[in-house]
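Hi,

Here is the structure I promised to pass on. Have a look at it first, then read my notes below.

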Protein chains: 2
Amino acid sequence: MDPKRMRVVIIGGGFGGLAAAEALRKADLDITLIDRTNHHLFQPLLYQVATAALSPGDIAWPLRTIFRSQSNIRVVMGEVQGIDRAARQVQVTDYPPVSYDALIVAVGSRHAHFSRPEWEDHAPGLKTLVDAVALRTRMLLAFEEAERRAATSTGTTPLTFVIVGGGPTGVELAGAMAEIGRNAMLPDFPFLQRQAVRILLVEAGSRVLSGFPPDLSANAQSALESMGVTVLLNQRVRDVGPKGVSLDGQFIETGHVIWAAGNRASPLLSSLNVPLDPAGRVFVRPDLTVPDDEWLFVIGDAAAVQDAQGHVLSGLAPLAMQEGRYVAAVIAARTMSGRRAAFRYVDRGTLATIGRAKAVAQFGSVHVSGLWAWLLWCTVHIFFLIGFRNRFRVVSEWIWYYVTFKPGARLID
Amino acid sequence: MDPKRMRVVIIGGGFGGLAAAEALRKADLDITLIDRTNHHLFQPLLYQVATAALSPGDIAWPLRTIFRSQSNIRVVMGEVQGIDRAARQVQVTDYPPVSYDALIVAVGSRHAHFSRPEWEDHAPGLKTLVDAVALRTRMLLAFEEAERRAATSTGTTPLTFVIVGGGPTGVELAGAMAEIGRNAMLPDFPFLQRQAVRILLVEAGSRVLSGFPPDLSANAQSALESMGVTVLLNQRVRDVGPKGVSLDGQFIETGHVIWAAGNRASPLLSSLNVPLDPAGRVFVRPDLTVPDDEWLFVIGDAAAVQDAQGHVLSGLAPLAMQEGRYVAAVIAARTMSGRRAAFRYVDRGTLATIGRAKAVAQFGSVHVSGLWAWLLWCTVHIFFLIGFRNRFRVVSEWIWYYVTFKPGARLID
């Protein structure tokens, strides 16, 4: 690389990091993109891999292939150990330190079990392809086990899945499990009764999808209930163990708890030595930098950004992408900190899906539910899927599933 | 199930077991199909999963879905522990014993390292989806590691892949690795040199594809060599270790040896207490039964069947399928052993592919090489892929890859 060129290091190939790298396509810079995996993951569809509707390869795309024709970028697959701000270097396992003039930290978040890490064994979350394939395997094995019990009359334990957290991920998972578990899979398990498959969605607050207006929350809840999901509101999880989950007033016997209640930003952020909020995110300045370095940016789920009303924005793919492009523009123009316009999130609307022809959408004061929201959801998700090949595969899977009710990726390996 | 109906148990959901079960679709029987996995695997394309050209879900199909509308069959996912011939029962882990009136043993084979099981750690084989995904991960990580070394100048060790065994699997793997490794992946690894990727195919005999006529072997070898594969003939493997592989006169330094040299039938067959051939297969009678039970059939890779010339036929998907249908006809008609016509394999030709537009085919005395053989290979493989969905996906992947040179499933998870 040219020693006179500005060196930009991006940690993380999620929505934010990818958007920044792509926006710097034509910049005269030396960019290094570091990710622990070799692929960009389209996280909003991860729950479809977990429920065997899509294959891992449908929602992930090798980072090297994405940047194959971008000559100013080097892709490094490696685990970042820490950030040495004094030396302006990123430490990567089995790799020489990577020096930067500007650093974009886009390391995302992991699911968090409040302060009870021991719950994770019994209530896995859903953030990576490995998580999704593990959940899929557990779900398919649970059906096999329940069928075995029913066929040999050795027990009548119902097959209970408990999803903790009524945010978009929890609602999408509950809807997908109801659809796939009760509609698509049951015909293949002749001994299992429909009533034997129970899906419970547990939410600590008073409504699901609390980020949406109350009318859409109500619509989402009744859509879930019409699909056979039991929604438990105002129920806090007290304990999770191998036998089941304890809520405020009841114990639910199950070996299948899925955690979709809250995230925590990457532990790597502590090596920045800047103040973090309770969810482990960096309080960034209006130009998305840390307080004492105008060329160290934090974006995406790792950053706590405030909107005009003082609300913290987080956990949205469009937000991360807009942040990535904002930072890219600052870096490409070498804008000094005093001359930077503050980052502003342009909210183009929010969508959440519940199931086949069921979704909710909000665009400012416009609220949409049902088929039209769902068609919009499909369009938006396909539009954002990287690469023609994946779009094509996902669409063909969805059409196939819609027509036949047979999910495509029901492999136990 | 009806206690008066004949109980047929099929062990193994490969080509043979599946063909038998499907041919019994309308028979008035109680069929139980037992497989350790939940899917039928289209093994001839397994090497494409191992080389990241296809996804696991493209070549596997849930057994329950295949038999969803066949009411006389029960699918059991479970590990068969043994066959109790005296009690006429199959023992399955965590499942009550399964009684049979007729038993079809279609348990297939695993790769075998002659009598050196300790080699397996350093030279894995390719028989299951787990094998294929493990190989894919190793190959992709090896490229990442080589790129890291080249980018940081910490070494110039070439990236050497050694494939042991010049049969169809070895030839297909070598061709696919040459194509994908040297053509499709190299553009994504800017520091790696083309010459740094070496693919060696080691064969103990005097030619590759020894099951084909010599002219086709020669064509296959020159096609491989034109793709950059080094073919080593008359070279026996003396040792395999973590540092590399010892051949008759040389040591090849590599951490990437893939075993495609010889199979051994399932160890389960020893519980039948019948004579086995050196490859562990059962010597079946002309009606595919074991010597002392006219309702115990062994088919597919587990059986050693002789043709009219006394050659042992084995390891061919069409053979297994014909055997499955033959046995199904005998069972459906309850033909007693004295009245059964001997099984006869109808050889409709043999095909092996080497790469893009390169294949060999034999139909009796007609030998075909190159583009036409390859088109035929594509057609036959697509035709036999189970289910419209998989056909559709595989074709779209192949076309995509053919046009773009970008393989689709390059995920490290």
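In what sense do strand 11 and strand 12 of chain B pair, and over how many bridges? Strand 11 (residues 159–164) and strand 12 (residues 197–202) of chain B pair in the parallel sense, over six bridges. Helices (H or I, at least four residues) and strands (E, at least two) are DSSP runs, numbered from the N terminus, and two strands pair if DSSP finds at least two bridges between them.

Some housekeeping before we go on. This is a predicted model, where local features need pLDDT of at least 70 and side-chain atom pairs count only at pLDDT 80 or more, while totals for chains, interfaces and linings use all residues. Residues are numbered from 1 along each chain as its sequence is written, chains are lettered from A and ligands numbered from 1 in the order in which they are written, and side-chain values use heavy atoms, with hydrogens and water left out.

**The parallel sheet in chain B**

One bridge between that pair of strands joins V164(B) to V202(B) in strand 12 of chain B. Both strands belong to an open sheet of four strands in chain B, with the order 13-12-11-17 and parallel pairing. Strand 13 (229–232) and strand 17 (257–259) of chain B are at the edges with a single partner strand each, so one side of each has no neighbour in the sheet. From one strand to the next, the twist averages 20°.

Two helices lie across these strands. Helix 4 (residues 129–152) of chain B lies across strands 11, 12 and 17 of chain B and runs at about 155° to strand 11. Helix 6 (residues 214–226) of chain B lies across strands 12 and 13 of chain B, at about 140° to strand 13. (Axes are lines fitted to C-alpha atoms, for helices over the stretch in contact, and angles run from 0 to 180 degrees between N-to-C directions; contact means heavy atoms within 4.5 Å.)

**Two hairpins in chain B**

Strand 24 (residues 350–355) and strand 25 (residues 358–363) of chain B pair in the antiparallel sense over five bridges, and L351(B) stands opposite A361(B). They form a hairpin with two residues between them, and A357(B) in the turn has a positive phi of about 65°. Strand 25 of chain B also pairs with strand 26 (residues 366–369) of chain B, antiparallel over four bridges. That hairpin has two residues between its strands too, with G364(B) in the turn at a positive phi of about 55°.

**Helix 6 in chain A**

Which residues of helix 6 of chain A are buried? They are L216(A), S217(A), A220(A), Q221(A), A223(A) and L224(A). (Buried means under 20% relative accessible area, exposed over 50%, partly exposed in between, with a 1.4 Å probe and protein chains only.) Seen down the axis of helix 6 of chain A, its buried residues fall within an arc of 160°, so they line one face of the helix. The arc is that of the directions from the helix axis to the C-beta atoms. On the other side of helix 6 of chain A, P214(A) and S226(A) are exposed.

Most residues other than glycine have a negative phi. L209(A) is not a glycine, yet its phi is positive, about 45°. L209(A) is in the loop between strand 12 and helix 6 of chain A and is buried, with a relative accessible area of 1%. R88(B), also not a glycine, has a positive phi near 55°. R88(B) is partly exposed at 26% relative accessibility.

Cheers
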